[in-house]
Amino acid sequence: MKDLGRITFFLGMDFKQSKGEIKINQKRFILKILERFGMIDCKPRLTPCEQRLEFNCRELTNARQYREMIGSLIYAMTCTRPDLSWIVSKLSQTLSNPRTGDLIAAKHVLRYLKGTVDYELCFKKSDAGLQLTAYSDSDWASCLEDRRSTTGYCCTLTEGGPLISWKSRKQPTVAISTCEAEYVALANTAQECLYLTQLLNGMYKKVHQSMKVSVDNQGAIAQSKNPVNRQRSKHIDIKYHFVREMYVKGMIDIVYCPTQDMVADILTKPPTKCKLDNFKSIVFGCGN
């Protein structure tokens, strides 16, 4: 083994370290995929996708290129680009049978990356201490094909960001109400928070004992705090009710967050330019 000094580049990610600050970006990787798919000179876009996606029914003649494109976007989204989560998750659902409209939407994402190639996660030393905070949201019955909802959550350790964990995914069951969809999303968020707490406690010897989870649905909050079987919720799978036990034990604190302040909102539906600008500081951290 040999000491190569401070890390500067690893698996497509560039690291810039200074006193009390670490910045991570994938500028070189993004430029490489733009060149690979012939989009290096494309016109930038302000959002990752259109507000209303219209997918053409005609099959692609070169599905392999589309799959390679989505695979590259998945890696960028997983490492440093939470703002791509919703659209990349949506496009990933069409890998088995992509259409021409899917390719157009994927190229739209590349155009957005061209204009935001300098975005980076900025981790700064915090004098206020670390507090695990999560944002949980869902978009009820958003899929027009099977009417399943979309779960979105993200977690941060400081009030100013950046995010340390994020996910956007379709729920495995059909929710019959907004409250149920939010409750299922809350259970998934609680699972991620439990994992992160155990991970952090392994690093810092049990300094993280409680988590704050922000939700923008009062019904889901009431459902998690009050173990009463209601007519509209008694059918919910028991596996989602463990969030109540976590709340009773004091492991999580579930609080209400207005929709306009819900960071996870950009993970459940097409984000607007206004919301991307509003949440940019907490998603990527200060200094962007």
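Trainee: Is tyrosine 75 buried, partly exposed or exposed?
Mentor: This is a predicted model. In it, tyrosine 75 has a relative accessible area of 28%. Buried needs under 20% and exposed needs over 50%, so tyrosine 75 counts as partly exposed.

Trainee: How many aromatic pairs are there in the whole structure?
Mentor: A search of the whole structure gives two. In one of them, the rings of phenylalanine 29 and tyrosine 75 have centres 5.4 Å apart. Their planes are at 70 degrees, and over 60 counts as edge-to-face, so that is the label for this pair.

Trainee: Where do those two sit in the chain?
Mentor: Phenylalanine 29 is in helix α1, residues 27-36, and tyrosine 75 is in helix α2, residues 63-79. They are 46 residues apart, so the pair links distant parts of the chain.

Trainee: And phenylalanine 29, buried or exposed?
Mentor: Buried, because its relative accessible area is 17%, and the cut-off is under 20%.

Trainee: What about tyrosine 119 and phenylalanine 284?
Mentor: Their ring centres lie 5.1 Å apart with the planes at 70 degrees, so this pair is edge-to-face. Tyrosine 119 is in the loop between α4 (100-115) and β4 (121-124), while phenylalanine 284 is in helix α8, residues 273-284. The two are 165 residues apart. Both residues are buried.

Trainee: Changing topic: which residues does UniProt list for the domain?
Mentor: The unreviewed UniProt entry lists residues 1-50 as "Reverse transcriptase Ty1/copia-type".

Trainee: How much of residues 1-50 is helix and strand?
Mentor: The span is 20% helix and 26% strand, and its end C-alpha atoms lie 49 Å apart.

Notes. Residues numbered from 1 in each chain as written. Predicted model: local features only at pLDDT ≥ 70, side-chain atom pairs only at ≥ 80, totals over all residues. Heavy atoms only, no water. UniProt positions renumbered as here; feature names shortened; annotations may be inferred. Helix = DSSP H or I, 4+ residues; strand = E, 2+ residues; numbered from the N terminus. Phe/Tyr/Trp six-rings, centres within 6.5 Å; stacked < 30°, edge-to-face > 60°. Buried < 20%, exposed > 50% of the residue type's maximum accessible area, 1.4 Å probe, protein only.
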